Amino acid sequence: MNEERLMEFLGRFVSDVGATITAGGVVIGDRLGLYQALADRPHLPDELAGRTGTAPRYVEEWLRGQAAGGYVEYDAATGRYFLTEEQAYALTDPDGPVLGGFQLALGALKAEPRITEAFRTGKGFGWHEHDGDVFAGCERFFRFGYTHSLVGEWLPALDGVEGALRSGIRVADVGCGHGASTTIMAQAFPASAFVGWDYHGASVGEARRRAEALGLAGRAEFRVGSGQTFDGGPYDLVTTFDALHDMGDPLGAARRVREQLSDDGTWMIVEPAAGSSLSENLNPVGRAYYGFSAFLCVPNALSQEGGYALGAQAGEEPVRRLAAEAGFGRFRRVAQTPFNIVYEARPGGVTV
């Protein structure tokens, strides 16, 4: 046994155990407003507890752990804790990916006994069976990218779509969850009509409430339906945001999109960022996505009719093949971020 490699592995283990339990601390800090208070000015533990209505001894231990993990800074000379500008940016934005990612991870881990059993049996575990933090955390994690890229970068990269949205077209957002992607588009393009679809009734209900709160009830509606059953077409644009790989019959969903799409329409497919081979995905982003995929994406797909699981790191080629088999003649990658890749599929032309 190589002692140096063993110690390197043990160091990774200590780091990962600390990161795992830190997820709980981050969610606590978010829910109790500890980060928000720290962003204002440095605090002693008692001061922070007083401002947030929490117990000083708990807050003291939380601060120590947060400082050890690099999420909070500690001034030994004054005994006070504070956030840097960068930490405050990442940890106080309720719509940021950091807080949402930790909430999603903790929510997913609550299903560990059921997922362990699924490993033994090969059976699925549906999205709707997970803890509520999965639904809320998933939306928070991905919403940051949608807010910053969807209207300004992704939609303009599609051939002729931005102008059509401004003039007024019909859009179906399939697998919409709590409706973040749908409402972002509806707010930006008031002349167009949007229908968000999701098989999870509770998420559809939450999407309706949010749309109403935003004053979009007349232009963004939400219905219960899966990727294989949504209707109401023809649509000029169909979107799937981080949803295709979760479907148990992605080819059936792609064919349904083609059926519901106008002959000159566009299917925008947003999927997790991934390389074309396993080796290209052996990195921190791939690690996170494979972990989430084992707990969420693959079990959900295997719980559905079709029983086929792409997984969150499928990459471009499987998506291209699905589009071709479903009858889309044109396919191209149009945009990419560290967390997502955006594809455009259109009918007509030479089969891809």
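Ala, Val, Leu, Ile, Met, Phe, Trp, Tyr, Cys and Pro count here as nonpolar, Asp, Glu, Lys and Arg as charged, and the others, Gly among them, as polar. The model is predicted, with local features needing pLDDT of at least 70 and side-chain atom pairs counting only at pLDDT 80 or more, while totals for chains, interfaces and linings use all residues. Residues are numbered from 1 along each chain as its sequence is written, and side-chain values use heavy atoms, with hydrogens and water left out.

**View A. Centre of the largest pocket.** A pocket is an open set of points on a 1 Å grid over the protein atoms alone, where a 1.4 Å probe fits and protein lies on both sides within 12 Å along at least five of seven lines; lining residues have an atom within 4 Å of a point. The 26 lining residues include Ala-19, Phe-102, Ala-105, Ala-288 and Phe-292, which lie nearest the centre, and the lining divides into 17 nonpolar, 7 polar and 2 charged residues.

**View B. Helices around the largest pocket.** Helix 1 (3-31), helix 6 (97-109) and helix 13 (284-302) each supply at least two lining residues, helices being DSSP runs of H or I with at least four residues, and strands runs of E with at least two, numbered from the N terminus. Helix 13 gives the most, with 8 residues.

**View C. The second largest pocket.** Of its 44 lining residues, Trp-127, Gly-175, Asp-198, Ala-243 and Asp-246 lie nearest the centre. Helix 8 (132-157), helix 10 (180-188), strand 4 (193-198) and helix 13 each give two or more residues to this lining, which divides into 21 nonpolar, 17 polar and 6 charged residues.
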